[in-house]
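Morning, everyone. Please have a look at the structure on the screen, and then we will walk through parts of it together.

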Amino acid sequence: MNPGVELIQAYFPELSEKQLEQFSRLGEIYSDWNSKINVISRKDMDQFYVRHVLHSLGISKVMAFQPGTKVLDIGTGGGFPGIPLAILFPDTHFHLVDSIGKKINVVKDVTKQLKLSNVEAQQTRAEELVRKYDFVVSRAVTRMINFYPWVKNKIRKEDFNEYPNGILYLKGGDVDEELEELGKSYVVYHLEDYFKEDFFETKKVVYMPWEDKK
């Protein structure tokens, strides 16, 4: 087993053999793609399992999605956080969108190679989507004050997970000033409370529950 997968297994000991195999292949597939197009920065590829896979899985430390949950990943890039979360939650449906076609082509290929039947990848802009979801996830594609209007009409009112439906946003650095300008309630979870690697010292998951339940 490669060291990256051993790291994932240390934090997620309940993973099945199939899931471990999928996480193992993830590194190979992205390395191959990265040799063709720059999906992930070269220096980050050396730290792929910490900076991309484990970072994405940080969302699961805040929210364990129930079977049947529908999750939208906006600005997924090469498939983060959606692909690692889809491996972890095989009974949750993930819709990964990005406006850049070549990145979505990578996501489609990864999905096909790993046989992830719970992932749908689409080249589109967030504002053009009409479906509704239980949660919207993202890796800090823009400031929350810009992000929020894209998704405010895309979250379902009916809840069936542990927490109310809403946004789960991976963010680094000081988030309070940025979030205060939106004037919405939110909770910040520090990933250094869950993962011991230095990379996570400044990394957070911001959970913003949906308020418009009229």
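Let's start in β2, where Leu-96 is the bridge partner of Asp-73. The chain gets from β1 to β2 by way of helix α5 (residues 82–88), a right-handed β-α-β crossover. Right-handed has a set meaning here: with the strands pointing away from the viewer, the path from the first strand over the helix to the second runs clockwise.

Some ground rules. This is a predicted model: local features need pLDDT of at least 70, side-chain atom pairs count only at pLDDT 80 or more, and totals for chains, interfaces and linings use all residues. Residues are numbered from 1 along each chain as its sequence is written, and side-chain values use heavy atoms, with hydrogens and water left out. Helices (H or I, at least four residues) and strands (E, at least two) are DSSP runs, numbered from the N terminus. Two strands pair if DSSP finds at least two bridges between them.

Back to the strands. β1 and strand β2 (residues 93–98) are parallel and share five bridges. β1 is mostly covered, with four of its five residues buried. Buried means under 20% relative accessible area, exposed means over 50%, and partly exposed is in between (1.4 Å probe, protein chains only).

Now β4. Strand β1 (residues 70–74) also runs parallel to β4, joined by three bridges. Val-71 sits opposite Phe-135, and Asp-73 sits opposite Val-137. Which way do the residues of β4 (residues 135–138) point? Phe-135 and Val-137 go one way, Val-136 and Ser-138 the other, and all are buried.

On to β5. Four bridges link β4 to strand β5 (residues 166–172), again in parallel. Phe-135 is opposite Gly-166 there. With helix α7 (residues 144–151), β4 and β5 form a right-handed β-α-β unit.

Next, the largest pocket. Its volume is about 400 Å³. A pocket is defined on a 1 Å grid over the protein atoms alone: it is an open set of points where a 1.4 Å probe fits, with protein on both sides within 12 Å along at least five of seven lines, and lining residues have an atom within 4 Å of a point. Grid points are joined across faces, edges and corners, and the volume is the space filled by probe spheres set on the points. How many residues line this pocket? The answer is 22, and Gly-75, Thr-76, Gly-77, Asp-98 and Val-141 lie nearest the centre. The lining has 10 nonpolar, seven polar and five charged residues.

Glu-197 is in the loop between β6 (187–190) and β7 (203–209). Is Glu-197 buried or exposed? It counts as buried, because its relative accessible area is 17%. Leaving out residues up to four places away in sequence, Glu-197 touches Leu-7, Tyr-11, Val-50 and Leu-54. Contact means heavy atoms within 4.5 Å.

Pro-209 lies in strand β7. With the sequence neighbours up to four places away left out, Pro-209 touches Asn-165, Gly-166, Ser-185 and Tyr-186.

Last one: Asp-32, in helix α2 (residues 17–34). Asp-32 counts as partly exposed because its relative accessibility is 39%. Its C-alpha atom is 17 Å from that of Val-5, 27 residues apart along the chain.

Technical notes: Nonpolar A, V, L, I, M, F, W, Y, C, P; charged D, E, K, R; others polar.
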